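Hi,

Here is the structure I promised to pass on. Have a look at it first, and then read my notes below.

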Amino acid sequence: LLRKHRLLYRNSSETGQKKYELQEEGILTQSLDIDWQTVKNDVEKMYLSIPTITLDLYQTTINDKNILNFNTEFDNLTKIVQEENKVETLRQLCKIYEIYVKFVEESDSSEQEKTVAKTKLNIFKAYSNLDEEKWEEVSKYMKSASEEFSKLMTSLDMKEQKQYSINKSYIMINELYKATNIKDPKIFLIKYKNTLEELKNI
């Protein structure tokens, strides 16, 4: 529901060609309205991929129950999205991501990948409580995110570039945790967006 950039479509009447422009959109300047039409379309498109994903997952060592739970929770997400309820949608997305974390834990993913996935889950749970300004809950999940991610700080088998991103991410996660004391949603969102961007580099 947070986008760093917005893809704008313009149809050139002179050439008849379609033009796309990538326009940067910051937290402080973006509209707070959710484009539910786009969200609903994205959810509907996922149903084309789910059968293939399900078949692929059944070929792995992942627990069949978790695979079925993913499909069930995605159906629940579709129902909630139709109601255009942001808070409940975010909570449901967290449930789905929690199942993804189980997939990662049951697979042959590295400890680093598992730690990053669990860290992100806690950050997402913190964010899901932001609209209602449940700062105690936000702080609790950010504390868990910091503690989970700190496991990577002592890893010795790490390339120098990865270690830099890990160190930087750790600082950003803790800055995000400290932002819960300020209790300003927009400051939290700025740090939230930047932290997730940095975590992609690990």
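Which element gives the largest share of the lining of the second largest pocket? That would be α4, with five residues. Before going on, two bits of housekeeping. This is a predicted model, where local features need pLDDT of at least 70, side-chain atom pairs count only at pLDDT 80 or more, and totals for chains, interfaces and linings use all residues. Residues are numbered from 1 along each chain as its sequence is written, and side-chain values use heavy atoms, with hydrogens and water left out.

**The overall layout**

The protein has seven helices and two strands; helices (H or I, at least four residues) and strands (E, at least two) are DSSP runs, numbered from the N terminus. Going along the sequence, the pattern reads β-β-α-α-α-α-α-α-α. Of the 202 residues, 39% count as buried, where buried means under 20% relative accessible area, exposed over 50%, and partly exposed in between (1.4 Å probe, protein chains only). Among the contacts with a separation of 6 or more, 59% are between residues 24 or more positions apart; a contact means heavy atoms within 4.5 Å.

The average pLDDT (the predictor's confidence in each residue, from 0 to 100) is 86, and 81% of the residues score at least 70. Confidence is highest in α5, at 98, and lowest in strand β1 (residues 5–11), at a mean of 43. The pLDDT is below 50 over residues 1–15, a stretch that has 45 contacts in the model beyond near neighbours in sequence. Residues 17–24 are also below 50, and that stretch has 25 such contacts.

**Back to the pocket**

Rolling a probe the size of a water molecule over the atoms shows where empty space is left. The search here used a 1 Å grid over the protein atoms alone: a cavity is a set of points where a 1.4 Å probe fits but cannot get out, a pocket is an open set with protein on both sides within 12 Å along at least five of seven lines, and lining residues have an atom within 4 Å of a point. Grid points are joined across faces, edges and corners, and a volume is the space filled by probe spheres set on the points.

The second largest pocket holds about 180 Å³ of space. The elements giving two or more residues to its lining are α3 (86–106) and α4 (111–128). Including Tyr97, Tyr100, Glu113, Lys120 and Ile202, the lining has seven nonpolar, two polar and three charged residues. For those classes, Ala, Val, Leu, Ile, Met, Phe, Trp, Tyr, Cys and Pro count as nonpolar, Asp, Glu, Lys and Arg as charged, and the others, Gly among them, as polar.

An expected helix span is 1.5 Å times one less than its number of residues.

- α2 (64–82) has 19 residues and reaches 28 Å from its first C-alpha to its last, close to the 27 Å expected. Its buried residues include Ile67, Phe70, Phe74 and Leu77, and what covers the buried residues of α2 includes α1 (36–58) and α3.
- Val87, Leu90, Cys94 and Tyr97 are among its buried residues, and the buried residues of α3 pack against α1, α2 and α4.
- α4 has 18 residues and should span 26 Å, which agrees with the 26 Å between its end C-alpha atoms. It is mostly covered, with 14 of its 18 residues buried.

**A few single residues**

Most residues other than glycine have a negative phi, and most peptide bonds are trans. Glu84 has a positive phi of about 55° although it is not a glycine. Glu84 is in the loop between α2 and α3 and is partly exposed, at 41% relative accessibility. Glu133 also has a positive phi of about 55°; it lies in the loop between α4 and α5 (135–149) and is partly exposed at 45%.

Lys191 is in helix α7 (residues 185–199) and is partly exposed at 23%. Leaving out residues up to four places away in sequence, Lys191 touches Glu175, Leu176 and Ala179. Lys151 is in the loop between α5 and α6 (160–182), and its C-alpha is 7.5 Å from that of Thr115, 36 residues apart along the chain.

Cheers
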